[in-house]
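Here is a short briefing on a model of two protein chains. Look it over, then read the points below.

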Amino acid sequence: MKRFIFGLLAATVVAAPAFAADIEPALLFDLGGKFDKSFNEASYEGAEKFKKETGTSYREFEISNDAQREQALRKFAEDGNNPIVMAGFNWAATLEKIAPEFPDTKFTLIDAVVEAPNVRSVVFKEGEGSYLVGVLAGQASKSKKVGFVGGMDIPLIRKFACGYVGGAKAAGATEVIQNYTGDTPAAWNDPTKGGEIAKSQIDQGADVVYAAAGGTGVGVMQAAADAGKLGIGVDSNQNGLQPGKILTSMVKRVDVAVYNAFKDAADDKFTAGVNNLGLKEDGVAYAMDDNNKALVTPEMQAAVDKAKADIIAGTISVHDYMSDNACPY
Amino acid sequence: MDVVVQLIDATVRVSVPLLLACLAGLYSERAGIFDIGLEGKMLAGAFAAGTVAALTGSAWIALFAAVGIAVALALVHGFASITNRGNQIVSGVAINFIAAGSTIILGQAWFSQGGRTPSVGGDARFGAIELPGAAALRDVPVLGPIYSEIISGQTLLAYFAFAMVPFTWWVLYRTRFGLRLRAVGENPAAVDTAGISVPWLRYRAVICTGILTGFAGTYLALSQNAGFVKDMTAGRGYIALAALIFAKWKPVPAMWACLLFGFLDAISIRYQGVAFPGIGRVPVQLMQALPYILTVILLAGFIGKAIPPRAGGVPYVKER
């Protein structure tokens, strides 16, 4: 038996160099879970796309609490998984600690920056995408009051809010009501509270509500649809959640980021450093499909296309909340 | 005026699941069975309601399913703590864990949406009910908005929850069952001496608990939301327990306690980031912490000593 195991080990060692391009990718999800119809689901889709195209399967793990982060990441790295992609800014502190311990492992972190020679940090200009959906919201709103429901109250989510306020005000909205669900990670998964916040904003006159709140957003979309108002989805294309009741979704191409991380490692083209993806790089977008076609009029389409062109050309610059923790709009 | 009406309207909506869970706990604890598993029963009920509503499209069948599952779990608790005289806290915690884990696993296995059940609409939900004349009376000063916004436009389950308050009071203080229920929580030996079966009485109490938690779960899944989402009870079962202690195990104070918690919740949602005259902008964090701060202050200073039913948590052993 012992000999057999040694034989196997030897075979693995011998075989490894022969398949240098063979990678063992791994994907770690954040709290909120793989099928949150939002951020984590987008990363899952990217990984699935890679699996389908290359036939290389990947390992994945959904943490159920913060204490599991370090253990899960270290286990994956020790098992020889490479590259390892982490979805969510909450992984940053853990990765800072683990990355130097495994210098040969290629890590990719989405939504936060960790400076290390073996880490690629992918961040998005959510402000730009949010500006565009803000333009649509400001035009679709009849009361000229629009709402914003954030998940956990952190600078990243305020960055969404800031761009949205800028876009909505540019399109004629007079007031943007902003609320956050909570101060703990549980705020990403409380649709009941999200729904209550949306109802409260609708009571105050808002008729378009944008949720940047992970799983909590499902409740926001439901409450907006129940009240006959419009919701705006986030991260994934959520237009299908309440067909005809969701104006658009601010899509963050997390799927592309995950796919590229896997693909680059497979092609041996992995680069470390910060990738900051905005409208220009197609990192963010607003979603249009059959579900919301009727809600977006040609004028709205024209306005949002113009805003998009202006941002890419640099004539409109969307303020980045995280640069100075303030929103000028 | 509008703001006050909207706040109270939100308060009522948020309080309903707390109230149902709180009354559920009241039946059980008044009979001497501590029930920390309200949370789990609510969650299982919500899951059953979401699942059955998605499969059958009928909110009523979903309600029956939710009540059925919650009663089944309540009977497990009863079997452990009444028949087998186990530790009631351990059994309750076990039920919470079973509910939290199994709902996600079953939901994922059946619907593959990460433990979520598909969104339902129309007849599969308990929607808001417009009471007659609500639209006509809207313009009457003071009473108009109160009637049309707060009293009308709630869901059937909300009316049921508030109707349960006087009903529970009546059962507890005006019926023979209620007298015996209270007695078995204070002094089961006396009840036994009078020739009444202590286990049977306690079993009936936990069945009442199951029924009401099933309603609470259904409200969460099919009135406030349109389906089950994992961990959707979000600690409401524990808040209901706090409200029960707060209310000294009495039905009418229980309603006020739940409304108070709901009101604080509604305020924290409504007044986030709003600038008050004279004070200025209040930090969001303070608003969100407000319910907890006030709970501590009220519990510590204002309600006096809360004395639980004397036989609570103690399994009854007949003298040998």
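**Confidence**

The score is pLDDT, the predictor's confidence in each residue, from 0 to 100. Helices (H or I, at least four residues) and strands (E, at least two) are DSSP runs, numbered from the N terminus.

- Residues 11-20 of chain A have a pLDDT below 50, and this stretch has zero contacts in the model beyond near neighbours in sequence. Two residues are in contact if their C-beta atoms, placed from the backbone, lie within 7 Å.
- Where pLDDT is low, the predicted coordinates should not be read in detail.
- Chain A has an average pLDDT of 87, and 94% of its residues score at least 70.
- Chain B has an average of 88, with 97% of the residues at 70 or above.
- For the complex, the predictor gives an ipTM of 0.80 and a pTM of 0.82.
- Because the model is predicted, local features need pLDDT of at least 70, side-chain atom pairs count only at pLDDT 80 or more, and totals for chains, interfaces and linings use all residues.
- Residues are numbered from 1 along each chain as its sequence is written, while chains are lettered from A and ligands numbered from 1 in the order in which they are written.

**What the record says**

- An unreviewed UniProt entry places "domain: ABC transporter substrate-binding protein PnrA-like" at residues 28-318 of chain A. UniProt positions are given in the numbering used here, feature names are shortened, and annotations may be inferred rather than shown by experiment.
- That span is 41% helix and 21% strand, and its end C-alpha atoms lie 31 Å apart.
- For chain B, an unreviewed UniProt entry gives "transmembrane region" at several spans, including residues 7-27 and 89-111.
- Residues 7-27 of chain B are 100% helix and 0% strand, with end C-alpha atoms 30 Å apart.
- Residues 89-111 of chain B are also 100% helix and 0% strand, with end C-alpha atoms 33 Å apart.

**Where the chains meet**

- In this complex, 21 residues of chain B are in contact with 25 residues of chain A.
- On the chain B side, α1 (2-30), α10 (198-224), α12 (251-270) and α13 (284-301) each supply at least two residues.
- That side has nine nonpolar, nine polar and three charged residues. Ala, Val, Leu, Ile, Met, Phe, Trp, Tyr, Cys and Pro count as nonpolar, Asp, Glu, Lys and Arg as charged, and the others, Gly among them, as polar.

**Helix packing in chain B**

- α7(B) (residues 156-174) packs on α12(B) at about 155°, with axes 8 Å apart. Axes are lines fitted to C-alpha atoms, for helices over the stretch in contact, and angles run from 0 to 180 degrees between N-to-C directions.
- The angle makes α7(B) roughly antiparallel to α12(B). Angles under 35 degrees count as roughly parallel, over 145 as roughly antiparallel, 65 to 115 as roughly perpendicular and the rest as oblique.
- The α7(B)–α12(B) contact has six nonpolar, one polar and no charged residues.
- The axes of α1(B) and α12(B) cross at roughly 140° and come within 7 Å. This makes α1(B) oblique to α12(B).

**Backbone details in chain A**

- The peptide bond from A:N82 to A:P83 is cis, with omega near 0°.
- A:P83 sits in the loop between α3 (68-78) and β3 (84-87) of chain A.
- A:D268 is not a glycine, yet has a positive phi of about 65°.
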